[in-house]
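Here is a short tour of the structure shown below. Have it open as you read.

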Amino acid sequence: MTVESTAARKSRRSAGGKAGATGTETAAGTTRAAAAKATGTKRTSATRTTRATAKKGAEPQLVQLLTPEGKRVKNAEYDPYVAGVTPEELRGLYRDMVLTRRFDAEATSLQRQGELGLWASLLGQEAAQIGSGRALRDDDYVFPTYREHGVAWCRGVDPTNLLGMFRGVNNGGWDPNSNNFHLYTIVIGSQTLHATGYAMGVAKDGTDSAVIAYFGDGASSQGDVAESFTFSAVYNAPVVFFCQNNQWAISEPTEKQTRVPLYQRAQGYGFPGVRVDGNDVLACLAVTKWALERARRGEGPTLVEAYTYRMGAHTTSDDPTRYRHDDERVAWEAKDPILRLRRHLEASNHTDEGFFAELEAESEALGRRVREAVRAMPDPDHFAIFENVYADGHALVDEERAQFAAYQASFADSDGGN
Ligand SMILES: Cc1ncc(C[n+]2csc(CCOP(=O)(O)OP(=O)(O)O)c2C)c(N)n1
Ligand SMILES: [Mg+2]
């Protein structure tokens, strides 16, 4: 893992970040240690929610600010975190979700056309990703899985850069420290440990940055996730564990991962857990801001379970009709994250036809740009695969490189291996 130096991070922060449109400031000057001491034993309302809903037979509560019909519902605890969101910012959240979905659809098509080897679609999870992504400050650090295209969008990673790895032409495609957005991680759950270690470092630096780790319902069964929960709790690390419970881990339903709602797991580790409607962008924004602010104040980790649904296949290699009924997807379609914000915007007279028409044109332009960029990606040097295996080289890698060179040279039309 490449980690930016403390000095570099500090200098970037003091230069002033381009905080997200809906970013919140936290109390300046509060040291983590002092705050932790003051609040260490305090029971938060989320803990209360967890305890209340742990009672046998009680339905887990879901933080929701927008109903599927787009109606704004009051929530005394989380409303303050979105009180300052302007109509323009609401339109911004809508735009983010629409463009992310358009990009995702383009990538799926490109895979079908043979331009990408594989694609992991985020269809249905736009609100969870845009809501949480827009809650972050620039100096916060993100550790994603392989499906966080919406979060990457919020961090300012050019979407075309996400596609190199899926085309097989590079090992990642972006510098993690340019946008504080780590490379996609395929080894399920491992990034929660990276995030925890990084967060422990941030705390030692004495800054009030926070760290967020994305993972899935399936990943919650991994030992790495359990270890990161333990470490972050014990060391009071400023990390938010953002679990997108999209109901499936490839063909395994969430019931195969847990006997209790996932957010309740946090209770056993000694930090709050909360379940949010993952198809409600406003609720995801509010809950993530709350959790990030806890981290900044030195109150340690939080588990956010964004309850959502993977509308598409696990990846383009998967066929979900083999293991789940279509009725399930149809039921979730009624809770579509984009549709619900559109209904809200329309009912509040925050938009007009011009806005939607312009966005449609912008979406098409994005699709075209992505298509052209992917087709223009140069093939890598065949020998690049031998680079960066070891920092100082290795005899076995040298031998394998030589064998591969001989193999390449054996082709009649060989150009020397490139
Ligand atoms: C350590 C490890 N074990 C198994 C896999 C194979 N694998 C890839 S995706 C996946 C399911 C992950 O499900 P979830 O955490 O719910 O995330 P989702 O794909 O639904 O976003 C598995 C088991 C892997 N990549 N890494
Ligand atoms: Mg899942």
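## The ligand shell

Around ligand 1 there are 14 residues, of which I188, G216, G218, A219 and A249 come nearest; a residue is near if its C-beta atom, placed from the backbone, lies within 6 Å. This shell divides into seven nonpolar, four polar and three charged residues (Ala, Val, Leu, Ile, Met, Phe, Trp, Tyr, Cys and Pro are nonpolar, Asp, Glu, Lys and Arg charged, the others, Gly among them, polar).

This is a predicted model, in which local features need pLDDT of at least 70, side-chain atom pairs count only at pLDDT 80 or more, and totals for chains, interfaces and linings use all residues. Residues are numbered from 1 along each chain as its sequence is written, while chains are lettered from A and ligands numbered from 1 in the order in which they are written.

## Helix 4 and its partner

Helices are DSSP runs (H or I, at least four residues), numbered from the N terminus. The axes of helix 4 and helix 15 (residues 353-375) come within 9 Å and cross at roughly 35°; axes are lines fitted to C-alpha atoms over the stretch in contact, with angles from 0 to 180 degrees between N-to-C directions.

## Confidence

The chain averages a pLDDT (the predictor's confidence in each residue, from 0 to 100) of 88, and 85% of the residues score at least 70. Helix 4 is followed by G114, whose phi is positive, near 85°.

Notes: Helices (H or I, at least four residues) and strands (E, at least two) are DSSP runs, numbered from the N terminus.
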